[in-house]
Amino acid sequence: LRPLFSLASLQDSAVKMAGWMNIPDGHPAIISGGNSFDQTDPQGNTHYTLPAAADADEERKRKRSTNVLASEDAPPGTESFAAYYCFACGSFALAVEGWLYSMPKRKTDNATVVPKSAAIKNLCKAGECKSLKRPTGVETQYRWQCPSCSIPIAYQTKDWDSEDIDYIYVLDAALAINPSAVSRLWVSGEDGVKIPPCFRVEEASLATGGMSVTIPVKTAVSSRRFALTNLQHSLSLNVTAAGGEEMRVEVVKGIAKLLGCSTKQVKISVGQLTIREVPAKDIFRRLICAIA
């Protein structure tokens, strides 16, 4: 198969990085400079604005690579697939039949469980073999790395060359559908990653019973599927239900599956989405990864 596009060109047009860091929960992340969610005018008023939009050429390459992939690699009968890109550097890594955010998550590390047969195209390269202690014993992980920056993004439990593999496990929030969204939204300040102002975070207290994050949400009816389309002043969602209880259930189940939490931790009412007992940074990153 011929390359979909130059990995070098993707990197050149990606967000400029000042360095790498590893977040305590194991997610790879980027430190970018010069962008901010907040801007202050001469009168001292603070306004919410997005950082500069990602290069238009990068977005065209992403869409073009998706079209090429659809024609060359999707097996007959495949109705939908998604091309996924490394969260850290923006390089194309994996194409999956279906959508990662709708697939099951492992309780041990929140990794997404992907049937091997659903991985239409895998450009990842073999990485390290790690042994981790689990409650049930020792787990051996044969890790897959980004083809460009070599950050671990997935693993399997048998040797890389083994034919007897049923699943691969994509690390929590290691891959994103839209690298341009990552470039725009995942920015760092002096105190670390900047959570957008539309996130209202309430710390744990006797009154609330636990920490919570509330986000304004807007829904639009789509005949295709549940999907995230934007995160700016609010979280924009496509839903298949026209409204009422059916739509509420669809949003709660969809967000809970995306975040890897219980539906009891998610509530939607009067244009507000509230998630309990999930760190704001994890919510933010997982939402970014799912934006189309």
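Two strands count as paired if DSSP finds at least two bridges between them. Strands here are DSSP runs (E, at least two residues) and helices are runs of H or I (at least four residues), both numbered from the N terminus. With that in hand, here's a quick tour of a predicted model, where local features need pLDDT of at least 70, side-chain atom pairs count only at pLDDT 80 or more, and totals for chains, interfaces and linings use all residues. Residues are numbered from 1 along each chain as its sequence is written, and side-chain values use heavy atoms, with hydrogens and water left out.

- β20 (residues 266-269) and β21 run antiparallel to each other, paired over four bridges.
- The two make a hairpin with two residues between them, and Val270 in that turn has a positive phi of about 45 degrees.
- Ser269 has Gln272 in β21 as its bridge partner.
- β21 (residues 272-276) also pairs with β17 (residues 212-221), again in the antiparallel sense, over five bridges.
- In that pairing, look for Val213 standing opposite Ile275 of β21.

**The four-strand sheet**

- Elsewhere there's an open sheet of four strands, in the order β8-β6-β5-β13, with antiparallel pairing.
- Its edges are β8 (119-122) and β13, each of which pairs on one side only.
- Inside the sheet, β5 (residues 81-86) and β6 (residues 92-97) run antiparallel and are joined by five bridges.
- Tyr84 sits opposite Leu94 in β6.

**Salt bridges**

- In general, side chains of opposite charge can pair when their charged atoms come close.
- The cut-off used for a salt bridge is a side-chain nitrogen of Lys or Arg within 4 Å of a carboxyl oxygen of Asp or Glu.
- A search of the whole structure turns up 10 of them.
- For the accessibility labels, buried means under 20% relative accessible area, exposed means over 50%, and partly exposed is in between (1.4 Å probe, protein chains only).
- Arg286 bridges to Asp172, with the closest N and O atoms 2.6 Å apart.
- That pair ties together distant parts of the chain, 114 residues apart: Arg286 is in helix α5 (residues 280-290), while Asp172 is in the loop between β12 (167-170) and β13 (175-176).
- Both partners are buried: Arg286 has a relative accessible area of 11%, and Asp172 has one of 10%.
- Asp164 and Lys158 also meet through their side chains, at 2.7 Å from N to O.
- Here the labels read partly exposed, with a relative accessible area of 47% for Asp164 and 34% for Lys158.
- Another salt bridge joins the side chains of Glu128 and Lys130 (3.8 Å, N to O).
- Glu128 counts as partly exposed because its relative accessibility is 45%, and Lys130 gets that label at 32%.

**The Arg134 network**

- Arg106, Asp109, Arg134 and Glu139 are linked up in a network of salt bridges.
- Arg134 belongs to strand β9 (residues 125-134).
- With a relative accessible area of 15%, Arg134 is buried.
- Leaving aside residues up to four places away in sequence, Arg134 touches Arg106, Thr108, Asp109, Glu139 and Gln141, where a contact means heavy atoms within 4.5 Å.
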